[in-house]
Amino acid sequence: MMRAGLLLLLMGSAALSQAQRLEVNGDWKAMPSQTAIPFLLEEPMSQAYLHQRTNLKWRSANRAWSVRLEARTRVFYGSQVEQTAGFADGLSADAGVWDGSWNWWEAADEKGVGNTLIDRALVSYRRNRLRVDLGRQRINWGRHTVWNPNDLFNAYNFFDFDYAERPGTDALRVRYGVGDNGMNEVEVAARPGTPDRAPLVAGLFRWNVRSVDGQILSAYLENTYAVGGAVSAGWGPLSLKAEGTHFGASPTWGDSAIGSGTVGIDATWGEGAFAQVAVLRTPGLGGSALLGLASAGQTTQQPWSLLPFARTLMTQLTLPATERLRVSGALLFVPEEDVLIAMPSVVFDAAPNLTASLVVQHARIRSPFIPDAPMETLTTAAFLSLQWNFRVRNLL
C-alpha cells in the first residue's frame, strides 16, 4: 500500500507542475552463468538470468524541480536458485522505510523467481548553490575506486559487478556550495530508523585545492559515532586516493572502537588503459574467511566491514585490445588467511548500445587445519552477458 501511494505521489507531483521534460532510459540484459563449489557440490550450479532496468526523470521548465523513478526487474531460473538457501526471500527483502522490492513470480519447482526493486524514487530541488533531495537515492561519499569506508549510507559489494547503479537508501539530503571554485560543498544527510535498522545522521565537508580533493565527515550511526575522511590527488596520469572511517563502540560490532581504511594508486594512459593497486584494512568482522567469501556476492556490505578479512591487497589492469574490445583483470590476495581471488573479464562493444561480456570469478584458499596444505579451489563462477541500452528524450 505504501509503495502504491509513493508512486501516485510522484506521478501527481509531475502532472501538477506542468512537466517540461521527461527522459526514459535503461537496458535489457541476458546473463546465463555457471557456478562450481567443489567442496560442497559434485555438479556445478547453472542459472539463467534476465534483467531489465527502466529509469524515468522529469524536470521542470525552470530546472528547479526534478523527479526520478528507477526500477530493476530480474528473473532467475536454474539449479542455483533451488540450491541457494533463502534466495527468493533475500531478493524480496527491503531495509528501507517503505517496501520497494517484491517477488511477483516463484516457480513451483523452486528453481525460478521474478523480482522488481524500486531503488530510486526521489524529488529534488535546486536553487543557486542549494540542492535538496528527498526519497530513495544513492548518497555516494566514497572517493576510492574499489572500497569506500566513507559510504555510510549505502556501501556496495565490489563483487556485485552486475549492479552498476549501486544500492539506494531512503533519506533527506541537503547540499550547499561554498567558495568560488564550485568544488567546495557542505552536505548533511539523514536516514530514519526502522525496526531492522538504526537511524543515521551525518555531515560532510568536501573541498578542492588545485589538484587535491579532500573531505571530512562525522556521523551518528548504529547508536554510536563515526568520524572519517578522504583525500585524492593527481599528477598527470597518476592518482593517489586514501579513505578511512573510525567507528565508536557499538553492539553491532562489539564493545570497542574499530576502523576501516584503504589507500591506492592508479594510472590511466592511451585510449582507455587503466591500472591500480590498493590495500584495504578492516576489523575482519566476517568470521571465518571461508564463510565470508562464500556469501560475499549475496549480502549487503557495511562500511565498517567491506570484506570479512583484516587485510586485502588488490591489483587491477584494463587494456583496450582493439577499438571495441577491452580485457580486464583484478587480483585480490589475503595474506593472513591465504585467500586468492581472480576476476578476469572481456568486454566487446558490438554497437553503440549493444555490449557483450564474459566475467569469471575464481577463488582459491589454503586449509588452515592442514600444515603446508596446497591452495585449493573454493569457487569458480562464469557469467556471459549481452546488454542492450536504450534512451528516449523529450517525451513531453
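Predicted model: local features only at pLDDT ≥ 70, side-chain atom pairs only at ≥ 80, totals over all residues.

Analyst: Arg74 is found in strand β4, which spans residues 65–77.

User: Which side chain of opposite charge is nearest to Arg74, and how far away is it?

Analyst: Side chains of opposite charge can pair when their charged atoms come close. For Arg74, the nearest such side chain is Asp162, at 5.5 Å. A salt bridge requires a nitrogen of Lys or Arg within 4 Å of a carboxyl oxygen of Asp or Glu. Arg74 has no salt bridge, although it is buried.

User: What does Arg74 touch, apart from residues up to four places away in sequence?

Analyst: With those neighbours set aside, Arg74 touches Tyr49, Leu50, His51, Leu91, Trp104, Val113, Gly114 and Asn115.

User: How many salt bridges are there?

Analyst: The count comes to 21 salt bridges. One of them joins the side chains of Glu165 and Arg53, with an N to O distance of 3.6 Å. This pair links distant parts of the chain, 112 residues apart: Glu165 is in the loop between β7 (130–137) and β8 (169–178), while Arg53 is in strand β3 (residues 45–59).

User: Why is Arg53 classed as buried, and why is Glu165 classed as partly exposed?

Analyst: The classes follow from relative accessible area, with buried meaning under 20% and partly exposed lying between that and 50%. Arg53 counts as buried because its relative accessibility is 0%. Glu165 has a relative accessible area of 26%, so it is partly exposed.

User: Which residues are linked with Arg53 and Glu165 in a network of salt bridges?

Analyst: The network links Arg53 and Glu165 with Arg68, Glu70 and Asp119.

User: Where do Asp94 and Arg136 lie, and how far apart are their closest N and O atoms?

Analyst: Asp94 and Arg136 form a salt bridge in which the closest N and O atoms are 2.9 Å apart. Asp94 lies in the loop between α3 (87–92) and β5 (101–106), and Arg136 in strand β7; the two are 42 residues apart, and the pair links distant parts of the chain. Asp94 counts as partly exposed because its relative accessibility is 22%. Arg136 has a value of 4% and therefore counts as buried.

User: Where does Leu217 lie, and what does it touch?

Analyst: Leu217 lies in strand β11 (residues 212–221). Its relative accessible area is 6%, which means that Leu217 is buried. Beyond residues up to four places away in sequence, Leu217 touches Trp141, Asn150, Leu152, Gly203, Leu204, Ala226, Val227 and Gly228.

User: Which residues make the nonpolar surface patch?

Analyst: A patch is built from residues with over 30% relative accessible area. Here Trp269, Leu317, Leu319, Val327, Val346, Leu358 and Leu384 make a nonpolar patch of about 550 Å². Leu317, in strand β16 (residues 311–320), counts as partly exposed because its relative accessibility is 38%.

User: Which backbone angle deserves attention at Arg63 and Asp338?

Analyst: The angle is phi. Arg63 is not a glycine, yet its phi is positive, near 65°. Arg63 lies in the loop between β3 and β4 and counts as exposed because its relative accessibility is 56%. Asp338, likewise not a glycine, has a positive phi of about 50°. Asp338 lies in the loop between β17 and β18.

Technical notes:
Residues numbered from 1 in each chain as written. Heavy atoms only, no water. Patch = residues over 30% accessible without salt bridge, like charges linked within 9 Å, V, L, I, M, F, W, Y side chains within 5 Å. Areas by Shrake-Rupley, 256 points an atom, 1.4 Å probe, with all protein chains shown as cover. Helix = DSSP H or I, 4+ residues; strand = E, 2+ residues; numbered from the N terminus. Buried < 20%, exposed > 50% of the residue type's maximum accessible area, 1.4 Å probe, protein only. Lys, Arg positive; Asp, Glu negative; His and termini not counted. Contact = heavy atoms within 4.5 Å.
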